[in-house]
Amino acid sequence: MRVLLIEDDDRVALPLMEGLRRFGFTVEHARTGADGLAVPEAAMVLLDLGLPDMDGLDVCRAIRSRSSVPIIMITARDDEVDRVLGLELGADDYVSKPFGVRELVARIRAVTRRARPAGADTRRTEPDPSDDPAPARTPDVQRIGPLTIDRRTRQVRLHQAPVALAPKEFDLLVCLAEDPGAVCSRRQILDTAWEPNFFGPTKTLDVHIAALRRKLGDSAWIENIRGIGFRLVPPAHADTTSAAVPARGGTPR
């Protein structure tokens with residue numbers, strides 16, 4: 001699905017674009033309302049209301065006057081009147097800053113389902129990657145040596161034994177497992193497993209990494225690349241290592 005993001009703040013736009021692309025979306029970025037109105041019609045518009053050249057509500061009105069493309073407003077405004085006015089002008093939904101990529105993707109899918117004409121052809125043989133709740137090119141079940149990750153059921157097994165992970169620990173593991181052996185930067189992990197522009201203490205990542213290593217039974221599963229980030233690699237002796245015993249208590253949330 002091709003998505004048009006109209007957002008002037010690169011600190012919001014760039015990590016958001018990266019996150020959406022991980023879910024299989026093609027993203028085109030416009031920094032002003034005028035640029036957004038000049039872009040050929042996309043399948044979905046993500047519209048920031050606080051634009052530098054014109055009010056986002058005016059952009060919404062202009063888009064709706066010529067197209068039925070679904071529009072999701074992105075707003076930091078607290079005033080309910082703006083949100084109501086945007087919906088009355090034709091926006092289909094809105095998200096309030098700050099928000100996570102997963103919430104936005106869920107809203108995109110919900111709006112797309114509502115906008116799909118009744119009786120639309122559902123016999124598509126080539127699935128759209130953005131319709132899959134897992135990131136593009138990622139199967140539901142992934143095996144890395146003796147480690148098995150089931151994204152659909154959110155279950156993890158090591159040497160066939162279940163490993164109990166907290167929700168954020170599972171998200172962290174899935175992020176690292178996207179490309180086993182490749183280094184994920186700390187910023188990339190926080191943007192993916194937490195949310196774009198995560199402003200909490202980065203120490204929380206180290207705490208979750210430590211907990212995940214403990215539950216996998218061997219710290220060698222997650223390698224620290226100093227000054228850059230982390231990568232997931234099966235330990236050399238992983239095939240002969242006994243299953244990890246899930247840690248008790250002290251799980252970070």
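**Strands, cores and selected residues in a predicted model**

Strand β10 (residues 184-185) pairs with β12 in the antiparallel sense over 2 bridges, where two strands are taken to pair if DSSP finds at least two bridges between them. Helices (H or I, at least four residues) and strands (E, at least two) are DSSP runs, numbered from the N terminus. The structure is a predicted model, in which local features need pLDDT of at least 70 and side-chain atom pairs count only at pLDDT 80 or more, whereas totals for chains, interfaces and linings use all residues. Residues are numbered from 1 along each chain as its sequence is written, and side-chain values use heavy atoms, with hydrogens and water left out.

Taken together, 3 strands form an open sheet in the order β10-β12-β11, with antiparallel pairing. Because β10 and β11 stand at the edges with a single partner strand each, one side of each is left without a neighbour in the sheet. Strands of a sheet pair through backbone hydrogen bonds, either parallel or antiparallel. Helix α8 lies across β11 and β12 and runs at about 145° to β11, where axes are lines fitted to C-alpha atoms, for helices over the stretch in contact, and angles run from 0 to 180 degrees between N-to-C directions.

The interior was examined next. A nonpolar core is a set of buried Ala, Val, Leu, Ile, Met, Phe, Trp, Tyr and Cys residues joined through side-chain atoms within 4.5 Å, and buried means under 20% relative accessible area, with exposed over 50% and partly exposed in between (1.4 Å probe, protein chains only). The largest nonpolar core has 26 residues, of which Leu-176 and Ile-189 touch the most other members. Two or more residues of this core come from each of β7 (147-150), β8 (155-158), α6 (167-177), α7 (186-194), α8 (203-216) and β12 (229-232), and α6 gives the most, with 7 residues. When neighbours within four places in sequence are left aside, Leu-176 is in contact (heavy atoms within 4.5 Å) with Cys-184, Ile-189, Ile-209, Ile-222, Phe-230 and Leu-232. Apart from this core lies another, of 20 residues, which includes Leu-5, Ala-13, Met-44 and Ile-74. In soluble globular proteins, nonpolar side chains tend to be buried together.

Several polar residues were then considered one by one. Asp-171 is found in helix α6 and counts as buried because its relative accessibility is 10%. The side chains of Asp-171 and Arg-154 are joined by a polar contact of 3.0 Å; such a contact is a pair of N or O atoms within 3.5 Å, of which, within protein, one must be able to donate a hydrogen and the other to accept it, and residues adjacent in sequence count only if both atoms are side-chain atoms. Not counting residues up to four places away in sequence, Asp-171 touches Arg-102, Arg-154 and Ala-193.

Asp-48 lies in strand β3 (residues 44-48) and, at 3% relative accessibility, also counts as buried. An unreviewed UniProt entry carries the annotation "modified residue: 4-aspartylphosphate" for Asp-48; UniProt positions are given in the numbering used here, feature names are shortened, and annotations may be inferred rather than shown by experiment. Beyond its neighbours within four places in sequence, Asp-48 is in contact with Ile-6, Glu-7, Asp-8, Gly-56, Ile-74 and Lys-97.

Arg-107, placed in helix α5 (residues 101-115), counts as partly exposed at 27% relative accessibility. The side chain of Arg-107 reaches the backbone oxygen of Tyr-94 at 3.5 Å, and, not counting residues up to four places away in sequence, Arg-107 touches Ile-72, Asp-93, Tyr-94 and Val-95.

Finally, the loop between β8 and β9 (161-163) holds His-159, whose phi is near 55°, a positive value in a residue other than glycine. Gln-160 is found in the loop between β8 and β9 and has a positive phi near 70°, again in a residue other than glycine. His-159 counts as partly exposed at 25% relative accessibility, whereas Gln-160 is exposed, with a relative accessible area of 63%.
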